[in-house]
Amino acid sequence: MDFGLSQELEMLRQSAREFAATRVAPLVERMEEDGKFPLELIPALGEEGYLGLTVPQNYDGLGMGYLARALVLEEIARVSCALAMALQVFHLGIEPVLAYGSEEQKAALLPPLARGERLATAAVTESGGGSDPTATQTRARREGDEWVLDGRKVFITNSHVADLFTVLARTGDDPPRFTAFLVEKDFPGFRPGREEHKVGMKGCNTGEVILDGCRVPADHVLGKEGDGLKVTLSAISEVGRSGMAACALGVLGAALEAATEYSRKRVLYGQPIARLEGIQWKLAQMSCDLEAARLLTYRACWLKDQGKRCDVEMAQAKLFATEAAIRGAKEAVDVFGGYGCMMEYPVQRYYRDAILLGPSAGTSDIMRVVIARALTR
Ligand SMILES: Cc1cc2nc3c(=O)[nH]c(=O)nc-3n(C[C@H](O)[C@H](O)[C@H](O)COP(=O)(O)OP(=O)(O)OC[C@H]3O[C@@H](n4cnc5c(N)ncnc54)[C@H](O)[C@@H]3O)c2cc1C
């Protein structure tokens, strides 16, 4: 076993750390205040290759794969989980085209997505319940050379900034059939709905997507008609979940760093609180959780890079890493005492951001269902 990263991956991690410190950190305060996605960062993200990390080089991507992607997301999430979340869902939006797109679709869509000239997302969840995509009520009916889509998607990351949406719609009832469609924002009948006001990840746009008689050309079906659940759920389970796990690593790392530093400076009873065993136990637990979450996440991404099955490993990584981030961010708030509840200190942001890691790309309960199903199959 080799736990070391290649020189190439170490360099990528280092450059992502520098990018986060120099380009992202100065925007965080504004994002917290106005909640707006910093669109001006897109060209820089494109130039660095961070949008096309998983896109092959012949389509203008870096072609570095999913472990590389996790390292970049982790570094960006250490500074801004909101930006890392938006970035991870851009990758999630690209994934169904990579995995199921025809040659024509890939050649037309991937290069501008990898360069950051266009942005993608995946629109699956509906108000009837995200955990059960078979309850999807968005309908698509065929009319000549077009499909006509009607429905409403909720909680969609990048809903108001993306150009291309992979939309899951019902195309039959008995038996139920679902199909994935590539919907472009300027198609007639498409519009973003309301924007959500989340407790955290401020500056990452989340909202509704409305399809009101939306006309989609027949060549915009992704994969085969009737394969919609496979097309959308495989991307969510492998790319969405590893993305959330990587965001969790960043939040947990930042929380541990902040709590450690504060514990060295804060003096009680004539000594730094870092000397108190109760504080040390918290830091030690966070450190073990971070390492364990990293191992689970990196290994699951490595499996994906090897083209091996990794759905269960992705669920394990997502479950453990996101729950560890929520626990760790709460511990960091506690280490800061009353100051932890004040907006001037970043630990409250880590906690608010961490909570949102839970439901995205499937709740912890659903991760347990996936893992237990594999055990008892
Ligand atoms: C910040 C954020 C970003 C998101 N981005 C996107 C996006 O880009 N695209 C997209 O399509 N969706 C997105 N989502 C939606 C997300 O995938 C759903 O929130 C998630 O799947 C849960 O669905 P729900 O919120 O409807 O909860 P529900 O499905 O209604 O679940 C309610 C409760 O029931 C529990 N539950 C459900 N099934 C079981 C079970 N079998 N056993 C035990 N308990 C169960 C759940 O764990 C939860 O506690 C996002 C959500 C958030 C919060």
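How many cavities of 30 Å³ or more does a search of the whole structure find? The search finds two, where a cavity is a set of points, on a 1 Å grid over the protein atoms alone, at which a 1.4 Å probe fits but cannot get out.

## Basis of the model

This is a predicted model, in which local features need pLDDT of at least 70 and side-chain atom pairs count only at pLDDT 80 or more, while totals for chains, interfaces and linings use all residues. Residues are numbered from 1 along each chain as its sequence is written, and side-chain values use heavy atoms, with hydrogens and water left out.

The largest cavity has a volume of about 60 Å³, a volume being the space filled by probe spheres set on grid points that are joined across faces, edges and corners. Its lining residues (those with an atom within 4 Å of a point) include Val124, Gly129, Asp132 and Thr136. This lining divides into three nonpolar, five polar and two charged residues, where Ala, Val, Leu, Ile, Met, Phe, Trp, Tyr, Cys and Pro count as nonpolar, Asp, Glu, Lys and Arg as charged, and the others, Gly among them, as polar.

The second largest cavity holds about 30 Å³ of space, and among the residues that line this cavity are Val28, Cys81 and Arg349. Helix 1 (7-34), helix 4 (81-100) and helix 9 (347-357) each supply at least two residues of the lining, and helix 1 gives the most, with three; helices (H or I, at least four residues) and strands (E, at least two) are DSSP runs, numbered from the N terminus.

A pocket, by contrast, is an open set of points with protein on both sides within 12 Å along at least five of seven lines. The largest pocket contains about 1200 Å³ of space and is lined by 43 residues, of which Gly130, Ile236, Arg241, Ala361 and Gly362 lie nearest its centre. Helix 6 gives the most to this lining, with seven residues, and the lining as a whole has 22 nonpolar, 13 polar and eight charged residues.

The second largest pocket has a volume of about 460 Å³, and the largest share of its lining, six residues, comes from helix 7 (residues 277-305).

## Strand pairing

Strand 7 (residues 206-217) runs antiparallel to strand 3 (residues 146-157), with 10 bridges joining them, and two strands pair if DSSP finds at least two bridges between them. Within this pairing, Arg152 has Ile210 of strand 7 as its bridge partner. Strand 7 is also joined by four bridges to strand 6 (residues 190-195), again in an antiparallel arrangement, and Pro192 stands opposite Val209 in strand 7.
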